[in-house]
Amino acid sequence: MLVSRISAFDKHSGFGYAFPMLRGSATICFAFLWSLASLTAAEDRTSLITTGTLLEEMANLEGLARSPEPVYRTVQFASYDRRSTTSEDPAWFSNAEGFGREPIPNFQKVLREPRDSQPGLYLVADVQGPGAIVRGWSAGMGGMLRVYLDPAPGGVNPDNAAAVWSGSAYDFLARRSGHFLKKAEIDLDTKDAFSQQDADYFPIPFQRGLRVTYEGKLEDLHFYHLQVRLYPEGTDVRTFDPKKDLKEFEPQLRAAAERLCKPGQIPPAGLAGKGMSVNTNIEPGKSWSWSPTNQGAGAIRELKLVLKSSLLDEALRGCLLRISFDGSQRPQVEAPVGDFFGSGPGVNPFSSLPFSVQADGTMTCRFVMPFEQSVRMEVINYTAGPVQLIGSSTVSTWEWNDRSCYFRAKWRAEHDLLSGAGALDLPYLVAIGKGHFVGCAAMIMNPSGIPTAAGNWWGEGDEKILVDGESVPSTFGTGSEDYFNYSWSRPDLFAHPYCGQPLDSGPDTAGYVSNHRFQVMDAIPFEKSLAVLMELWAHNRTPGLSYARIAYHYARPGAIDDHRALMPSDLRVPVLPRRDLVARGGATGAKFYFGEQLKPQAEKGRLETMPFPLATQLRVTQWRPEKGEKLRLTVPVEKAGKTALHLVAVHQPGGAVIRAALNGKPLPIDSGKEQVALVSSNAPRVLNVNFRPVDLQPGAQELVLECLEPGTVGLDYLWVRSE
């Protein structure tokens, strides 16, 4: 049985914790050992940590450019498979993570076995000492979560402290900010400042400890992450009080919400200063560079770049950005221009706290980049054509001291991977030195021929983050999309202050995909070393997958990492190949028909077969109708019964709005609506249009698409499945 409590403290630093490493029935505890020089009681009693100070941190990018003060560790309690322990253990890639009926309950300890009609009681987290909850996430968790702050040691239901939360597990993990604001009667629309997709970042500090229990049924869904900062013993923390804190710290609450929701509209402190301005053409094989003439300590506060090219996607990947601080021969930043901003491949607009990308191609970085003496920036054009570079930066003064850190961003890519043939760990970053991890972005090309996420999903693998020589990760996740704050392999595009999915070309999770997450409140400090891994685990065997990624971290001078200098051959956008359609996953038993196989007949409007790089066979049946015009398709159905039709169609700027009829009767989509807008706000996408199942007899069926608003209709294929 797994029994663990964060409770072990290093006698020198006054800080440490026990974390579960399960092997058989043994429980092994370990302590993080920090040097006396890096952590003294005097250093960590300089200020009181409150809900207000944590709210101020939420939008403070400048604070990330220095080693944390007071120092802390970040750990994650999660529903990962407890059979996974160390990398050489046979169960390292076990994947029973919250669906229910796991071989080992996904908790720290079983407090009460279920009996009769009474559900079980389980320990989610038990922390002794000061800390703060900084992130929760859930893909769905029924049952009751109880959160106790400063409980009596060892008590299941402490008698000296009422639960600060006793209610829905999912609501605490993913929606607690709204509940606390409502209870405090604060009239504030925080938008997505705190609750971001399936995560919530509202901070909850505690002085003496934290205990979280779950009461529910193990056969039900119970996916969860709970990220907690651990401060050294002696750190002054004021425990969260929902009755007092939200009112007292309402100004900090409002300021955080405004800065997080308007990151590009409110200039951060220290933005004023001089920098560079560039508008130049870079010929193939040539480069542009910049270094300020006045040497001395400073910091890049904002960097804006725009590339213009007749082949823009290739230019954004094929032009290499390098930034070197204080004369380093190994640039601290090395990445393709577009991927550095988390938007690759191509221009995919989004807004977050540290980065934003606009539809006109303007890309902005707000991560603060300090240096002690000098900085040099370079853009090298490795493409076959000229590229226009337009940009600017703001450089301000900086007080360089023993807490100042270099900003580091390193990109890497593996092309032509075989996914789905067994899990493997892909390194995002391996570093030696002192620093803190602040996020990453992934850029995937997934050439699956399965049309549904249940089948073409690439991200079943977990994140594993090992700090300071750990053999068992102190951050062990439950799925790639869970790390990026969403769930159930959703293809939705979204953008929040700390996370986003600006690109998913489809259908579902096939094609090109880009995810990012920035760790501000939940940054992961390390004193000696860090390894950030993500499993690659696809639902089905998929050859030719490309997996690029960039890791962002800060580190003190002298740190090294596993980055290999990028070569021109790395800097390419992998091309989607022709794919054979596969009836697996959510499309099991389906029959597929390409546009031309449906015998399309247009009353009016131009009808032709056109090349299209996102389509399964790299071509679509394209129709350009006016309002009221119709396209008739003949759909074969092999057997009687309830049948679902799914039209895989291009969604693009300038797409048409249509409605469908089958055999003369309206055919609504699964939401009940009849209108279908084949429109995307930016880049084209190839998406499933899922119609409601209908009862059909065998034989040819007439599917009619009627244009309601003129535009372009691009048909890849139709798949038909008996329900």
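A residue counts as exposed when its relative accessible area is over 50%, as buried when the value is under 20%, and as partly exposed in between. These classes are used throughout for the predicted model described here.

The chain holds 723 residues. Its fold contains 9 helices and 49 strands. The C-alpha trace spans about 80 × 75 × 50 Å along its principal axes. A compact globule with 723 residues would have a radius of gyration near 27 Å, and the chain agrees, at 27 Å. Buried residues account for 61% of the chain. Among contacts with a separation of 6 or more, 79% are between residues 24 or more positions apart. The accessible surface amounts to about 27,100 Å². Carbon and sulfur atoms contribute 50% of that surface.

Charged pairs were examined next. Side chains of opposite charge can pair when their charged atoms come close. The whole structure has 33 salt bridges. One of them joins Arg-208 to Asp-150, with an N to O distance of 4.0 Å. Arg-208 sits in the loop between strands E11 (204-206) and E12 (209-216), and Asp-150 in the loop between strands E7 (144-149) and E8 (165-168), so this pair ties together parts that are 58 residues apart in sequence. The two partners differ in accessibility. Arg-208 has 53% relative accessibility and therefore counts as exposed. Asp-150 is buried, at 8%.

Asp-150 also stands out in its backbone. Most residues other than glycine have a negative phi, and most peptide bonds are trans. Asp-150 is not a glycine, yet its phi is positive, about 55°. Arg-101 likewise has a positive phi, of about 60°, without being a glycine. Arg-101 lies in the loop between E3 and strand E4 (109-112). With a relative accessible area of 68%, Arg-101 is exposed, whereas Asp-150 is buried.

A second salt bridge pairs Asp-198 with Arg-490, and its closest N and O atoms are 3.2 Å apart. Asp-198 belongs to the loop between strands E9 (195-196) and E10 (199-200), and Arg-490 to the loop between helix H9 (480-483) and strand E30 (494-495), so the pair ties together parts that are 292 residues apart in sequence. Asp-198 is buried, with a relative accessible area of 6%. Arg-490 is partly exposed, at 23%.

Arg-330 is partly exposed, with 45% relative accessibility. Asp-561 is buried, at 12%. Elsewhere, salt bridges connect Arg-112, Arg-146 and Glu-215 in a network.

Lys-464 is a charged residue within the interior. Its relative accessible area is 0%, so Lys-464 counts as buried. The residue lies in strand E28 (residues 463-467). Its side chain makes a polar contact of 2.6 Å with the side chain of Glu-535. Beyond its neighbours within four places in sequence, Lys-464 touches several residues, including Trp-92, Phe-93, Pro-473 and Phe-476. Its other contacts include Asp-425, Thr-475, Ala-531, Val-532 and Leu-533.

The surface carries a nonpolar patch made of Phe-99, Leu-221 and Trp-488. Together these residues have about 290 Å² of accessible area. Trp-488 is in the loop between H9 and E30. Trp-488 is partly exposed, with a relative accessible area of 39%.

One runs from Glu-69 to Pro-70, with omega near 0°. Pro-70 is located in the loop between helix H2 (61-64) and strand E3 (73-78). Another joins Gly-344 and Pro-345, where omega is about -10°. Pro-345 falls in the loop between helix H7 (337-340) and strand E19 (350-351).

Note on methods. Residues numbered from 1 in each chain as written. Predicted model: local features only at pLDDT ≥ 70, side-chain atom pairs only at ≥ 80, totals over all residues. Heavy atoms only, no water. Salt bridge = Lys/Arg side-chain N within 4 Å of Asp/Glu carboxyl O. Helix = DSSP H or I, 4+ residues; strand = E, 2+ residues; numbered from the N terminus. Buried < 20%, exposed > 50% of the residue type's maximum accessible area, 1.4 Å probe, protein only. Polar contact = N/O pair within 3.5 Å; in protein donor to acceptor, adjacent residues only side chain to side chain. Contact = heavy atoms within 4.5 Å. Patch = residues over 30% accessible without salt bridge, like charges linked within 9 Å, V, L, I, M, F, W, Y side chains within 5 Å. Areas by Shrake-Rupley, 256 points an atom, 1.4 Å probe, with all protein chains shown as cover. Rg over C-alpha atoms; globule rule 2.2 N^0.38 Å.
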